[in-house]
Amino acid sequence: MAPTTAAAAEHRPSPFSREVRRWRALRRMSQLELAALAGTTQRHLSFIESGRSAPGRAMVVRLAESLALSLRERNALLLTAGYAPAYEESPRDGAAIEPAMTALRSILTGHLPYPAVVAGPRGELVLANAAFEVLTEGAAARLLEPPVNVLRLALHPEGMGPRVVNLAAWGRHVTESLRARAAAHPDGGLDALAAELAGYLPPAGAPPGPDHLGFAVPLRLRTAGGELRLLTTLTSFATAVDVTLAELHLEAFLPADPETAELLRRRAAARGAGPAG
């Protein structure tokens with residue numbers, strides 16, 4: 001027997017239901033897989049996605065965690081379900097996250113004489129140590145005006161781009177990482193930035209040659225004192241419960257050979273400076 005108009009309207013999927021289905025499809029998860037991760041039944045999840053069941057706040061949080069949503073995305077999902085956000089979003093200069101920012105400054109200082117930066121979710125520069133100057137050498141002044149975007153600086157033809165010996169190979173690691181993040185956490189701003197940065201790259205060349213390290217493609221950067229070969233590492237606060245803190249990441253550059261280490265030590269000695277930012 002066909003449902004009445006009133007019954008159909010009663011079970012019409014809500015914005016929350018549609019969001020859960022959208023995220024589940026994006027993660028390529030079946031209802032059974034998501035239900036198991038969230039500690040519920042496939043039947044209950046089916047009712048949630050069809051609008052026949054309104055989940056409690058705890059279930060919304062469990063679904064968000066199981067879908068590997070960012071803290072910002074979890075707050076958004078809670079709002080669509082009619083609940084207040086669960087995670088604070090502190091200002092970067094606020095007292096709530098000052099201990100973490102102090103720790104980041106300490107890490108930046110400890111990483112000298114090698115460059116390191118702290119950036120936001122779209123590459124906006126938050127903090128940098130004194131060795132960051134090796135990355136800005138010769139860059140156009142407009143790229144160094146706040147807010148500085150370290151991703152744009154890295155590939156732009158008026159930034160580091162002309163000094164990157166292996167721009168095609170290394171630059172694609174940057175753009176592919178950005179696209180992967182945008183795919184996992186849809187954001188029009190990330191998509192636009194990835195498209196912009198890809199436009200700065202030369203055509204893809206051959207696979208990495210014998211000068212690569214086997215496990216990573218180093219950044220080969222020309223400087224006034226010689227060529228640097230640098231590896232990069234990314235660090236984030238894995239247990240953060242503040243949106244602002246969770247979206248920060250620390251990118252540290254490490255020398256890939258003794259010559260690079262020595263060149264950076266000499267630059268630091270000549271500079272005689274402490275941390276910046």
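## The buried side of helix H13

In this predicted model, helix H13 has these buried residues: Thr260, Ala261, Leu263, Leu264, Arg267 and Ala268. Buried means under 20% relative accessible area, exposed over 50%, and partly exposed in between (1.4 Å probe, protein chains only). The six cover an arc of only 165° around the axis, which puts them on the same side of H13. That arc is taken from the directions from the helix axis to the C-beta atoms. An α-helix has 3.6 residues a turn, so residues three or four places apart point the same way.

The cover over the buried residues of H13 includes helix H8 (133-136) and strands E3 (219-223), E4 (226-236) and E5 (249-255). On the other side of H13, Pro258, Glu259, Ala269 and Ala270 are exposed.

## Length and end of H13

H13 runs over residues 258-271, 14 residues in all. At 1.5 Å a residue it should span 20 Å, and its end C-alpha atoms are 20 Å apart, which agrees. The expected span is 1.5 Å times one less than the number of residues. Gly272 follows H13, with a positive phi near 55°.

## The whole chain

The protein chain has 13 helices and five strands. These are DSSP runs, numbered from the N terminus: helices are H or I with at least four residues, strands E with at least two. Of the 277 residues, 42% are buried.

## How the values were made

Residues are numbered from 1 along each chain as its sequence is written, and side-chain values use heavy atoms, without hydrogens or water. Local features need pLDDT of at least 70 and side-chain atom pairs count only at pLDDT 80 or more, while totals for chains, interfaces and linings use all residues.

Terms used. Contact means heavy atoms within 4.5 Å.
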